[in-house]
Structure formats: structure tokens, C-alpha cells
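Please open the model in a viewer and keep the selection panel at hand.

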Amino acid sequence: MRLYLIGAGVIARTHAEAAAKLPQAVELRVADPNAEALKSFLSSFPKSITFADAEQMLSSEPPLEDDIVIVATPPFAHLEGTRLALKSGRHTLCEKPFAMNDEEAEEMLLLAEAEGKLLGCCSVRYKGMLHNEAVKNVIRSGALGDIYHATFVNKWTRSRAGIEYQPASRWFLDKSKSGGGILMDWGPYDFATLIDVLDPAEIEVSSAWTAKPQTAADPQDVVYNVEHHVGAQLTFRSRSNARPIAIHYERGTCTHGSEQFIGEIEGTLGALRWTPFDSRQPVFFRSDHDGVVVEEIVDPGPRGPYTVMDHPLIHFYNQVNALPSHANVGRRAVDHFLCIGALYKCADSGEKQLVTVAPATDAREASE
Ligand SMILES: NC(=O)c1ccc[n+]([C@@H]2O[C@H](COP(=O)([O-])OP(=O)(O)OC[C@H]3O[C@@H](n4cnc5c(N)ncnc54)[C@H](O)[C@@H]3O)[C@@H](O)[C@H]2O)c1
């Protein structure tokens, strides 16, 4: 099969490495206007064919049914890359954050429908990890009773993309290029994971805030106008008559507070606590036996061959080839992104926001 990468930066390399783990040989093509980026990519993947321009790459040969394009540019170029890829007649996997705003996301979705091609988002990077699947299995077993509350807090003290992490990519700090800060960067994984685990039909963002903590390392020579700490009070409403779940959500890559990584789901019969983005940490199930708190570790089962960085391509490849897959495609690829827009809108206006979530379509496939 053929894999076309639009953008030859940091994430394009991880997709190229994942391609080498697919069950069939992959021919790589890559387009980037930055000659240095192309040269560096070629030194790691010498068999790839390089282009200075994505349109030129996509029109260099007719499409085949199983071609996949990955849009691996900064967010400001996701719409254009996705447009070119879909119009070239190819299935398209777009990096996260899916777009710059809801309007772009809707345009991309409608174009995929019009072209009859699959459109996915790399926000599924943590989907299918066995510890998250273990959490879903306990929830489905009914062992938690009526779920009424969840805590989803993940924050580093100093891990800002464009400053402490990947400082060469200053575009992360400029809202006109990135669409926003930490919420655009990690919110896609947070909301894709929360939706996957709790399967809501509707999400209410009741209150929200964003903040830009200041440090001596803040760059003064470039545009830096994005947030690095966000939080919200959410309510997840189910498709059945289950009671609504109140969620305390927080995400940060810069705080003067403490680092915390907490996933906790509380029900009337038991609670789960896990570290959603670190599969090496245990999943704890706590319940009551004879009036005493009992804590057990849930065994997620043996690991598979893939890493989180492999997941977006592996899941999408499976979807394209009609195999069981954790990919989110079509409307399901966008609902997590609408939550991000809703959170920004709520933080700006103080008004609550509602997001309707498309039903899950994925088949079960334990991949990590
Ligand atoms: N770096 C990470 O750890 C990471 C992880 C997950 C997802 N992502 C996402 O991947 C995307 C890219 O991030 P990155 O870290 O690889 O950025 P990067 O800065 O390393 O590379 C981006 C590349 O895109 C190229 N580019 C810009 N406009 C282009 C266009 N119109 N056509 C072709 N190429 C173009 C740039 O020249 C650059 O080489 C972002 O959406 C980011 O959020 C990054």
C-alpha cells in the first residue's frame, strides 16, 4: 500500500515508523515545503519519495482504493491538507487537533461524505490501550453500580509544547497557527478517551476556565498567546436512563500547583482509579466487603506489539481494510473536537454549552 504524509516534521516520523509495523509493505511519499525537514526525513526513511508540495505529491499518480494520506502539519494547515487529500480520492487521517475551529471541522466532514472517503483523526492515539479497555470492561460489568462522578485531571508543572517540549516548533505558542494551547494539544486525547470510556450521548460544559501561568522561561521574542492550564465542570448524559455523570476535568502543561494524573470513576457500588495516559500504571477497583474498603488491581492482560504512537495509523489502516478497528471516522471523528470548542466558548462567555455525541461504531480490538 501507499502512505502519503503531508508534513515531514516530528509526528510524520512516528507515522512512518508505525507504517513499518503494518502487515503489508508500505511505499512512503512525503511532502513538505521545508527542504531541511524533507532532507532529515529522507535520511531516516531513505526509500521515501519526497515532494516540496502536497498537491504535486497527490496528483503524481492516480489514487488506489487502499491509499492513506496523513495530514501531519501544524493545525493551521489541516483543513487545506485534508481538502487536497480527500479531493485526490484518498482516505485521510488528520492529526490532532482536528481543525482550527468547528466550522473547519464541519467542512472537512462534509467533504469526506461528498467524496465517499474515510476521514479519521489521530485523537484515537490512546484508544484501545489495554488499561483503558480494562476500565471499560469493569464499567460494562455493572460492578460500579450507578456511576455519578468522575475526576479527569492531568497536569504537568512544565511541559509546554514550543517551550519545554519541542522548543523548535514555536507555532504551538501562536494561536493563529495552533488554534489554542494545551486544550488544542491534549484536549483531543482527553475527550476522545472520556467519550470512549463513558459513552455519553450528550455532554454539557457547565463552567470552564483557561489560564496562562507565567514563568521566567516564557519566550519574549515570538508570539505567545495561548493557554497552558484549563478546567471545566462537565455533565455526561447517557443514551439509556442511567443517571448523569458529573465530571471534574482539568488539563495543564504549566501550573504552579502540583503535578497530578488522575482518572477516577465513582459509582454507588465501587470506584475505579487509573492513569489514563500511562498504561504502565495499575487500574485499581475499590468496593466494600462487609463494611470494609477493599482494593483490587484489575489485570488488563498481556500487551500487544504496538505503542500509542502506532495506534492512529494501525486503527485507521484496519478501518480502511474492513478489519476490527478502534478508529473514529466520520462524525465520530469530530465529536471530541466539538467538546474543545464548547469548552473555549463556555470559558469566554460564561454560558453553558451542549455537544451531541455520535454513537460508537468501532469494533473491539485490543491492540496494546
Ligand atoms: N510532536 C508531537 O509529539 C506530536 C504528537 C502528536 C500529534 N502531533 C500533531 O502533529 C501535527 C504536526 O506536529 P509536529 O510536532 O510534527 O510539528 P513540526 O513542527 O515538527 O512539523 C510540522 C511540519 O509541517 C510542515 N508544513 C507546514 N505547512 C505545510 C504544508 N502546507 N504542507 C506540507 N507541510 C507543511 C512544516 O514545514 C514542518 O516540517 C500537529 O497537529 C501536532 O499537534 C504532534
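A residue is called buried when its relative accessible area is under 20%, exposed when over 50%, and partly exposed in between (1.4 Å probe, protein chains only). Helices (H or I, at least four residues) and strands (E, at least two) are DSSP runs, numbered from the N terminus. The model is predicted: local features need pLDDT of at least 70 and side-chain atom pairs count only at pLDDT 80 or more, while totals for chains, interfaces and linings use all residues. Residues are numbered from 1 along each chain as its sequence is written, and side-chain values use heavy atoms, with hydrogens and water left out.

**Helix α4**

Select residues 78–87, which form helix α4. Seven of the ten residues are buried, so the helix is largely enclosed by the rest of the structure. The buried residues are His-78, Leu-79, Gly-81, Thr-82, Leu-84, Ala-85 and Leu-86. Just after α4, Gly-89 adopts a positive phi of about 85°.

**Strand β7**

Next, select Asn-154 in strand β7 (residues 147–155). Is Asn-154 buried or exposed? Its relative accessibility is 2%, so Asn-154 counts as buried. Beyond its neighbours within four places in sequence, Asn-154 is in contact (heavy atoms within 4.5 Å) with residues including Asp-190, Glu-250, Arg-251, Gln-260 and Phe-277.

**Helices α8 and α10**

Now show α8 (residues 182–198) together with α10 (residues 335–349): the two pack at about 125°, with axes 8 Å apart. Axes are lines fitted to C-alpha atoms, for helices over the stretch in contact, and angles run from 0 to 180 degrees between N-to-C directions. This makes α8 oblique to α10, since angles under 35 degrees count as roughly parallel, over 145 as roughly antiparallel, 65 to 115 as roughly perpendicular and the rest as oblique.

**Arg-239**

Finally, select Arg-239 in the loop between β9 (229–237) and β10 (245–252). With a relative accessible area of 40%, Arg-239 is partly exposed. Its side chain reaches the backbone oxygen of Pro-200 at 2.9 Å and that of Val-357 at 3.3 Å.

Conventions
Polar contact = N/O pair within 3.5 Å; in protein donor to acceptor, adjacent residues only side chain to side chain.
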